[in-house]
Amino acid sequence: MSLTAMPRAPFVEIDSWALKSNWRTLAMLAPEARTGAAVKADGYGLGGVIASKALFGAGCRDFFVAWAEEGAEIREAMPGKNCRIFVLQGLDGHAAHLCRSHRLIPILSTPDDVSLWAQGDETDDDALPGVAGLQLETGMHRLGLTDLQSRKAAELAAQGRLDLALVMSHLATADEPGSGLADEQLERFRKLANRFPFVARSLANSAAILRGPQFHFDLTRPGICLYGGQASLEASGALRPVARLVGHVLQVADVKRGEHVGYGGLVKLKRPARVATVGLGYADGYPRSASESSTGGQGAPPLVHVAGHRAPIVGRISMDMSMVDISGQPEGAVRPGSEVEFFGPNIPIDDVAVRAGTIAYELLTGIGSRVRRVWI
């Protein structure tokens, strides 16, 4: 379907300059480490291949994906590029084959992962097992080798049966200022990583970069901050919004006092209002919990930006549409076809997330497939 075939369809405008600027800012915050980039979940919902290309242009050479298929797609889109692509979620036979054939680096998180990778390529007895990384369990209890398991992996590495490019772990509370658990994980990581001398170390995601140099080690791997989410109450303020989610006004109507708006009739107008119906709803990734009648979020319903002003959402968000109270706008300023920003430079994504009772990660990765991705 051509872009002109759906002129009123919702779209997300993605600022590649802002993405690259954010990467450079995060790189400057950790000058003693290499700075990578998490491009998993299709580049946090915005387009993994094009995000990787943009970040490569900014200087990034280390990319992190969840699945081997994601890594293979990025490698094929960047043939000949001198970069490393790490696969975070372990191995099976198919993933091992993809990693070897596309020069991906699997992060081994279980004894089975280690055993499978150490076996090498069954189709070529002379082939080396290939380079891998290790995930160490330090207190999150999600993925990672335990103390004993990491000891056995260190023995394999010392015997030359495991060629390691990285040891890493993940913090559970990096975005919580003053978290004692983050400091505990840091110490456990140091202890376990010491078993792998001369192997690069990685612990810091976006929020951990902002916590200070003790978390940076050799390679950082920012995610949400690249895409415009702050990930910390103490963010530097230099990060720029990357994604702007936009819908178009379908109808403007005057609604009398005492009338109900939206599904369930839970919102009854206390005054006459001018209501704009916008062609964007929860099927496009804007959560139903952001509805005025919802109790999932915190405080008032989220605001949108239309015709140079902010305006509140009114009533329940439906699958394809949302209603906005534009009573405070000048007569005729909002009309069918007007653009409405749901988050972006004028409506911070983290503010929307708080009011909807969720996080910026979920808003970005939840953007619907029918929403056009427009890179600028």
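**Entry 1: ground rules**

I am working with a predicted model, where local features need pLDDT of at least 70, side-chain atom pairs count only at pLDDT 80 or more, and totals for chains, interfaces and linings use all residues. Residues are numbered from 1 along each chain as its sequence is written, and side-chain values use heavy atoms, with hydrogens and water left out. My helices (H or I, at least four residues) and strands (E, at least two) are DSSP runs, numbered from the N terminus.

I followed the strands next and found an open sheet of 7, in the order 3-4-5-6-7-8-9, with parallel pairing. Strands count as paired here if DSSP finds at least two bridges between them. Strand 3 (37-38) and strand 9 (200-202) are the edges; each has a single partner strand, so one side of each is left without a neighbour in the sheet. I then checked strand 8 (residues 163-168), which runs parallel to strand 9 and is joined to it by 3 bridges.

Helix 8 (residues 180-193) packs on this sheet and touches strand 8 and strand 9. Its direction makes about 160° with that of strand 9. I note that angles run from 0 to 180 degrees between N-to-C directions, and that axes are lines fitted to C-alpha atoms, for helices over the stretch in contact. Contact itself means heavy atoms within 4.5 Å.

**Entry 2: helix 4 and its helix partners**

I looked up helix 3 (residues 48-58) against helix 4 (residues 68-77): the axes are 9 Å apart and the packing angle is about 55°. The two are therefore oblique to each other; angles under 35 degrees count as roughly parallel, over 145 as roughly antiparallel, 65 to 115 as roughly perpendicular and the rest as oblique. Their crossing is right-handed. As for that term, a crossing is left-handed if the near helix is turned anticlockwise from the far one by less than a right angle, and right-handed if clockwise.

Which residues meet between helix 3 and helix 4? Helix 3 brings Gly-48, Val-49, Ser-52 and Lys-53, while helix 4 brings Glu-73, Ile-74 and Ala-77. By class I get 3 nonpolar, 2 polar and 2 charged for this contact, where Ala, Val, Leu, Ile, Met, Phe, Trp, Tyr, Cys and Pro count as nonpolar, Asp, Glu, Lys and Arg as charged, and the others, Gly among them, as polar.

Helix 5 (residues 93-101) packs on helix 4 at about 20°, with the axes 9 Å apart. That makes helix 4 roughly parallel to helix 5, and the crossing of this pair is left-handed. I listed Ala-68, Glu-69 and Ala-72 from helix 4, and His-94, Ala-95, Leu-98 and Cys-99 from helix 5. The contact of helix 4 with helix 5 has 5 nonpolar, 1 polar and 1 charged residues.

**Entry 3: helix 1 on helix 3**

The axes of helix 1 (residues 16-29) and helix 3 come within 9 Å and cross at roughly 50°. I therefore put helix 1 and helix 3 down as oblique to each other, with a right-handed crossing. Ser-16, Leu-19, Lys-20, Trp-23 and Arg-24 of helix 1 meet Ala-51, Ala-54, Leu-55, Gly-57 and Ala-58 of helix 3.

**Entry 4: an antiparallel hairpin**

How many bridges join strand 15 to strand 16? I find 4, between strand 15 (residues 303-306) and strand 16 (residues 309-312), which run antiparallel. His-305 stands opposite Arg-310, and Val-306 has His-309 as its bridge partner. These two strands form a hairpin with 2 residues between them, and Ala-307 in the turn has a positive phi of about 55°.

Strand 15 is also joined by 2 bridges to strand 18 (residues 339-343), again antiparallel. In strand 18, His-305 has Glu-341 as its bridge partner.
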